[in-house]
Amino acid sequence: MAILQWLRDSLLPSFIFASTLLVVVILILKLLSKEKSRTRNLNLPPSPPKLPIIGNLHQLGGMPHLSLRRLTDKFGPIVHLQLGEIPTVVVSSAKLAKEVMKTHDLALSSRPQIFSAKHLFYDCTDVVFSPYGAYWRHIRKICILELLSAKRVQSYSFVREEEVARLVHRIAESCPDAADLTKLLGLYANDVLCRVALGRDFTEGGDYDRHGFQKMLEEYQVLLGGFSVGDFFPSMEFIHTLTGMKSRLQNTFRRFDRFFDEVIEEHLNPEREKEEHKDLVDVLLEIQEKGDSEMTLTMDNVKAIILDMFAAGTDTTFITLDWGMTELIMNPKVMKTAQAEVRSVVGERKTLLETDLPQLHYLKAVVKEIFRLHPPAPVLVPRESMEEVTIDGYNIPAKTRFFVNAWAIGRDPESWENPEVFEPDRFMGSAIDFKGQDFELIPFGAGRRSCPAITFGTATVELALAQLLHSFDWELPPGIQTSDLDMTEVFGITMHRVSHLVVVAKPRFV
């Protein structure tokens, strides 16, 4: 027995080490073999030098949109990267974005199976991350025709108007002290989305804090950044366990799932009071109950689609308004011009209506400029090629991951004069829009994979921004200069500022 104990104690660690080493060696040889066969006889785009095994991963850094732009400056608007096991192409010009999202839109309409998305979105059965196919076409049709049609978006104008009035009231309550505008804008975005999608106001009664919405959303956008090292080594998924990523994903998923179970249970309660306007959960549950000869939705499918609406809708609205108010405070001349327009259209009326928005041409130019400089998703959700395509003369094989750097395209000197300057006047008299036809400005993407919530998101942003300019004059707290503002970004699938915007609001109407 003693001999057996000695053998176990002495040889087992060595055996484990040797086995691990063998696995690593096999993986290295496999990766090198794959890379050799992939690159043989292919006319690929320019590529920076890469390291064995990890390829170009080390060149992404903590802020990939900036790192990718630097590579673009050096190698051109289309770059080929080897990110671990994943062949990747990055495009950073309007011309090449058009090739990706229009010319080759169908061939590049699928999504890579990102580890974090699989865990958060019920095995990628949502609209954003679902691979191209019959299921994705079915749920996108539901979104466009049932959930986010122009008629449906218009039917919720009363919600947006009520929540904007509530936002104004919250800001007025802080006067004459400074207000944490970032927090209040987050509440506004959350309130609109919760009422429209879930049929309930979660701010009242402490529900916002009880569910921890803001922390859930922040964790969600960091986890979905798309640049987790493990995502680039599909054959080594155990990396996610070692880094703690898997447990974070499971925890965040459980919190969202419990929350959605509670919401669905409320909606299925026969004693629930029926609202005049159906919320999006009502619509989805009706579709599920009726069934469809084409395809039936499971309850997990319903929850995946709700998560898309809730997380993406809240985050992008809040980020756009927060960056927008930051830029306006840093550019007082632009602020005054926008205020003058809003006040001339609305007059002495205290409250804006959505019917006022078509007359606010300069405000719309301001929103476009916010989207140009600060697209909520700086690097659009990655696509994956389903077949070989030729882009800019280069041959790119199937199963290549495509990143479109919307942030870099919005600052490309080939497309924009003074690209780093916040200058809404550039859009006055310009036909350029962000609805997917002008590839210089693609905050919502373009083509089959463009965001179906453009109309809803734009209305939610424009109304709030116009009302804030109409109801208040704005300045920084005493002793704070615009140069003191921290403009550092947090990179994720969406990108907000690290620091909160704290401002003094002076009410126009007392």
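This is a predicted model: local features need pLDDT of at least 70, side-chain atom pairs count only at pLDDT 80 or more; totals for chains, interfaces and linings use all residues.
**Contact of H14 with H16**
- On the H14 side, the contact is made by Thr 320, Trp 323, Gly 324, Glu 327 and Leu 328; on the H16 side, Val 366, Ile 370, Phe 371 and Leu 373 take part.
- By class, the residues of this contact are 6 nonpolar, 2 polar and 1 charged.

**Aromatic pairs**
- The structure holds 13 aromatic pairs.
- Phe 371 and Phe 434 have ring centres 5.0 Å apart and planes at 70°, so this pair is edge-to-face.
- This pair links distant parts of the chain, 63 residues apart: Phe 371 belongs to helix H16, and Phe 434 to the loop between helix H17 (406–409) and helix H18 (454–471).
- Phe 371 and Phe 434 are both buried.
- Phe 434 also pairs with Phe 444; their ring centres are 5.8 Å apart and their planes lie at 45°, so the pair is tilted.
- Phe 434 and Phe 444 are 10 residues apart, each in the loop between H17 and H18.
- Phe 444 is buried, as is Phe 434.

**Other aromatic features**
- One aromatic cluster is formed by Phe 256, Phe 259, Phe 260 and Phe 310.
- Arg 372 lies over the face of Trp 416, at 5.5 Å from the ring centre.

How values were computed
Residues are numbered from 1 along each chain as its sequence is written. Side-chain values use heavy atoms; hydrogens and water are left out. Contact means heavy atoms within 4.5 Å. Helices (H or I, at least four residues) and strands (E, at least two) are DSSP runs, numbered from the N terminus. Ala, Val, Leu, Ile, Met, Phe, Trp, Tyr, Cys and Pro count as nonpolar, Asp, Glu, Lys and Arg as charged, and the others, Gly among them, as polar. Rings of Phe, Tyr and Trp (its six-membered ring) pair if their centres lie within 6.5 Å; planes under 30 degrees apart count as stacked, over 60 as edge-to-face and the rest as tilted. Buried means under 20% relative accessible area, exposed over 50%, partly exposed in between (1.4 Å probe, protein chains only). A charge sits over a ring if NZ of Lys or CZ of Arg is within 6 Å of the ring centre and within 35 degrees of the ring normal.
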